[in-house]
Amino acid sequence: MAREFQRGHKAKVSDLTSGTDLYVGVQIAGPGLTFDISCFGLDADEQLSDDRYFIFFNQPKSPEESIQLLGAQAGDTESFRVTLDRIPANIHKLSFTATLDGAGQMSQAGPGYIRIVAGGEEVVKYAFTGSEFTTERAVMLGDFYLKDVWRFAAVGQGFDGGLDALLKNFGGEVAEEAPAAPSQDAPPAFAPPSQASAPPAFGAPAAPQAPQPAPAFGAPAAPAPAPQQPPVHAAPTIAAPMAPQAPAPYGQPPQQPQFGQIPGQGAPPAAQPYGQQPPAAPPYGQQYGQQPPAPFGQQPPGLPHGVPQGVPAAGAGLQAALQPYKEAATGQRWTSQNQQLMRVDLTMGGMPVLARQGSMVMYQGKVDFGYKGAGFAGRMVGNATGQEMQLMRCTGRGQVFLAEEGAHLHPIELQGDGICVSAENVLAFDESLQYEVRRIEGHGIPGGALFTMQFQGTGTVVVKTHGVPVVLPVTPTTFADCNAVVAWSSASQVIISSQVRLRRNAYPGHSGETVNLQFRGAPGNFVVVQPYEV
């Protein structure tokens, strides 16, 4: 039976089907609208570093044919064949998108979906409607992404600007198509009589003689769709990964860099006509590449209008200088902007976020912030255990940026498993997660016990650390100072080390630590330690 996904839902592909040769169908339509449905093969940085993995109407398959565009069939507007075990190692994500070809907005689209079919049986389906969008001209529908194993995520994220902006977001550059040559009268070419049937469209099996697909692959059975007039695609094509360019001088159109030229540098000097001497060398004392002084009252050649003499050239420009710090929009609910800043998109997943009060540094869209009280019992437990969290509840449709005192932030996605984290090291988490105070017994500990927070369920918790942490596997000989431990897997067994002392003065044979914890557990358990003691 097919699983119905909502926006933001994720799952391992192996939990959906044992097959790796999959059919991906997309259905989207609207009155008077024409859509281009594409697949972007992205690298580990979620960039289109190899334009051969941009699969669309002009490039219907990847080099090794692990991604193939099949065309409209089985009731789907567009369909793909994806063979996960043939995708090369440099491709870490497949992002399926729909963009408008021509006028219109995504809010005008009717009900649609993206689905996965294995062996002819539908295994997962994510449905959406145009009412979920506003003025966007593109939408990221769903992703296959590699995170130790292949997983599938229902994205449903609108994107302004259409295909051009989507290409630039993924690191591609749009090249303008050459204008069509004027038509000339020519003798009629060969054509079959009007009664003859049209040739089959790309990707559709033309006859039983076509090779049979692998057993794991199979498109869903459905009556053949009525023949439709193929849309006229006017979208530009991919050229190369995008690179920052220097701004053009005032009053001049921007120039594209020539092959082999570094963006931001001038074009190489043109070859001299035959019989003419090259320009003379600069006078003595003038550095190579330096402009000669201009007559009094005139601007030096090549200097933009309005720039006073003596001001150094601006290099690649302001936009290029800020390029490394641009907002990272990956289509995921939680996105690290850098080591100290985290962005959460509340429009994905449809669930609120609980964050530490005062951790919001900026937000976009319509976001409401409310106090999240723990109740009388919760305050009593928090005061008694030291695991009290002052939280705010973030709801609405927008993006919230979170940080606290320059701490390093680490999003940890839970899929039914659990993790133990001290309340001091928790920045934010999805409200769908269950959390409670967990007690660690110990006779030699002041107060009689240690406490931590245990998170379980499906969602993400953001853990903050002082510096870059280290993750160690749990073995029978794994010990850690309780003041440096950040988190550990909830399935681990934690006991108090025999080296417990009530004072921190080091003496021979003792580490000087007050409390050491010993971790035990089956293979796969872990402990996270930071290079800092609370």
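These legends walk through several close-up views of one predicted protein model.

A quick word on ground rules: residues are numbered from 1 along each chain as its sequence is written, and side-chain values use heavy atoms, with hydrogens and water left out. Since the model is predicted, local features need pLDDT of at least 70 and side-chain atom pairs count only at pLDDT 80 or more, while totals for chains, interfaces and linings use all residues.

**View 1**
Helices here are DSSP runs of H or I with at least four residues, strands are runs of E with at least two, and both are numbered from the N terminus. Of the 534 residues, 39% are buried; that word means under 20% relative accessible area, while exposed means over 50% and partly exposed is in between (1.4 Å probe, protein chains only). The protein exposes about 30,000 Å², and carbon and sulfur atoms supply 56% of that; the areas come from the Shrake-Rupley method with a 1.4 Å probe, and for residues only the protein chains shown count as cover. Take the contacts (heavy atoms within 4.5 Å) with a separation of 6 or more: 72% of them link residues 24 or more positions apart.

pLDDT is the predictor's confidence in each residue, from 0 to 100. The protein averages 76, and 66% of the residues score at least 70. Over residues 232–241 the pLDDT is below 50, though this stretch has 38 contacts in the model beyond near neighbours in sequence. Residues 443–449 also stay under 50, and the model gives them 13 contacts beyond four places in sequence.

**View 1. An open sheet of 6 strands.**
Read across the sheet and you get E1-E10-E9-E3-E7-E6, with mixed pairing. Two strands count as paired if DSSP finds at least two bridges between them. Strands E1 (3–5) and E6 (67–69) are the edges, each pairing on one side only. Neighbouring strands are turned by 20° against each other on average, direction ignored; the axes behind such angles are lines fitted to C-alpha atoms, for helices over the stretch in contact, and the angles run from 0 to 180 degrees between N-to-C directions. Inside the sheet, E9 (residues 112–118) and E10 (residues 121–128) pair in the antiparallel sense over 7 bridges. Look for Ile116, whose bridge partner in E10 is Val124.

**View 2. Thr129, in the loop between E10 and E11 (138–147).**
Thr129 is partly exposed, with a relative accessible area of 30%. Its C-alpha atom is 5.7 Å from that of Gly110, 19 residues apart along the chain. Leaving aside neighbours within four places in sequence, Thr129 is in contact with Gly110 and Pro111.

**View 3. Inside the largest nonpolar core, with 41 residues.**
A nonpolar core is a set of buried Ala, Val, Leu, Ile, Met, Phe, Trp, Tyr and Cys residues joined through side-chain atoms within 4.5 Å. Ile28, Phe80, Leu94, Phe96 and Phe144 touch the most other members. Beyond its neighbours within four places in sequence, Leu94 has contacts including Cys39, Ile67, Val82 and Phe144. A second, separate core has 17 residues, among them Ile419 and Met453.

**View 4. Strand E16 (residues 341–345) and its partners.**
E16 is mostly covered, with 4 of its 5 residues buried. A hairpin through 2 residues joins E15 to E16, and these antiparallel strands share 4 bridges.

**View 5. A 3-strand open sheet, ordered E25-E28-E27.**
The pairing is antiparallel. E25 (478–481) and E27 (493–496) each have a single partner strand, so one side of each is left without a neighbour in the sheet. The twist averages 30° from one strand to the next. E27 and E28 (residues 516–520) pair over 4 bridges, and Ile495 has Gln518 as its bridge partner in E28.

Most residues other than glycine have a negative phi. Glu46 has a phi near 60°, and Asp148 has one near 65°. Glu46 is in the loop between E4 (35–42) and E5 (54–55) and is partly exposed at 22% relative accessibility. Asp148 is in the loop between E11 and E12 (149–159) and is exposed, at 65%.
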